[in-house]
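Biologist: Could you take me through one part of this model up close? I would like to look at the aromatic rings and how they pair up.

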Amino acid sequence: MTANLSANSTENPVVKYVRLPLLALTLGGVVLVLGRLLLFPATDGQTKAEFDFPEQVPLPGWQAQSATALPISEKAQAEMVSGKRYSYRQGDRALAVEIRYLVNTDPSVRNLLLKYGKSTPTVAFPTTIQQDESGGFYSIYADETHAHLTSCINPRGSSTVTEAQFMQNRYALDLRPERALPVLLGRETLRDGRCLWTVMSAPLQNTPADQVYPQLKAAWTDWQAWWQSKFPTP
């Protein structure tokens with residue numbers, strides 16, 4: 001006991017006096033962030049910063065054909081910043097990729113498919129969800145003429161399909177000490193509700209869907225890897 005008291009009493013005074021201000025500064029930053037959120041809750045919403053998709057996005061093994069801007073309907077104006085449709089060819093195979101930059105969006109891909117009038121699975125939606133090698137999720141399914149793969153590329157973390165997956169990324173990766181200052185200064189939001197929603201489609205051409213799925217999965221792997229390193233800034 002005496003030895004312990006003696007060790008504590010000989011603690012470097014510089015360390016002692018520096019530690020307390022650092023703790024106070026950290027606590028003060030947390031209090032300010034929480035106070036800002038309580039007093040100004042609307043600032044937690046993501047603003048619609050402008051973003052223009054490039055004219056070309058490289059996709060290994062595929063030849064780019066064209067790129068056209070996607071229209072923003074009246075019901076999508078609150079969440080859709082911009083969108084692009086890219087067309088590719090690989091021999092006699094075609095691939096169309098639609099990507100939309102969404103903010104403050106419903107992170108449920110199933111709901112987005114319905115909202116934007118896209119083809120939806122004819123089977124129970126949860127059965128279409130698969131996980132790739134990087135830990136990301138996507139939904140893959142087919143209708144009478146096309147095979148489709150869709151997912152939400154997150155600003156941080158792996159891709160998601162359901163709201164639960166998206167929120168898990170937000171809680172795990174958005175609520176970090178290093179983001180306190182950008183949030184406090186209003187440069188970023190506490191919960192980053194942005195998404196690069198992607199829908200890939202390939203015609204079946206009388207081919208079983210199971211034989212088209214591997215092409216979509218391979219294209220998706222390259223597509224999401226390219227965009228995760230080039231996700232738009234807030």
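Modeller: Happy to! Let's begin with phenylalanine 53: its relative accessible area in this predicted model is 6%, so this residue is buried, because anything under 20% gets that label. Phenylalanine 51 also falls under that cut-off, with a relative accessible area of 19%, so it counts as buried too.

The structure holds 9 aromatic pairs. In one of them, phenylalanine 51 and phenylalanine 53 sit edge-to-face, with 5.0 Å from centre to centre and 85° between their planes. Phenylalanine 51 has another edge-to-face partner, tryptophan 227, at 6.5 Å centre to centre and with 70° between the planes.

Why does this pair tie together parts that are 176 residues apart in sequence? Phenylalanine 51 belongs to the loop between helix H2 (13-39) and strand S1 (63-69), while tryptophan 227 is in helix H6 (residues 209-228), so the contact joins those two parts. Tryptophan 227 is buried as well, with a relative accessibility of 1%.

Terms used
Residues numbered from 1 in each chain as written. Predicted model: local features only at pLDDT ≥ 70, side-chain atom pairs only at ≥ 80, totals over all residues. Heavy atoms only, no water. Phe/Tyr/Trp six-rings, centres within 6.5 Å; stacked < 30°, edge-to-face > 60°. Buried < 20%, exposed > 50% of the residue type's maximum accessible area, 1.4 Å probe, protein only. Helix = DSSP H or I, 4+ residues; strand = E, 2+ residues; numbered from the N terminus.
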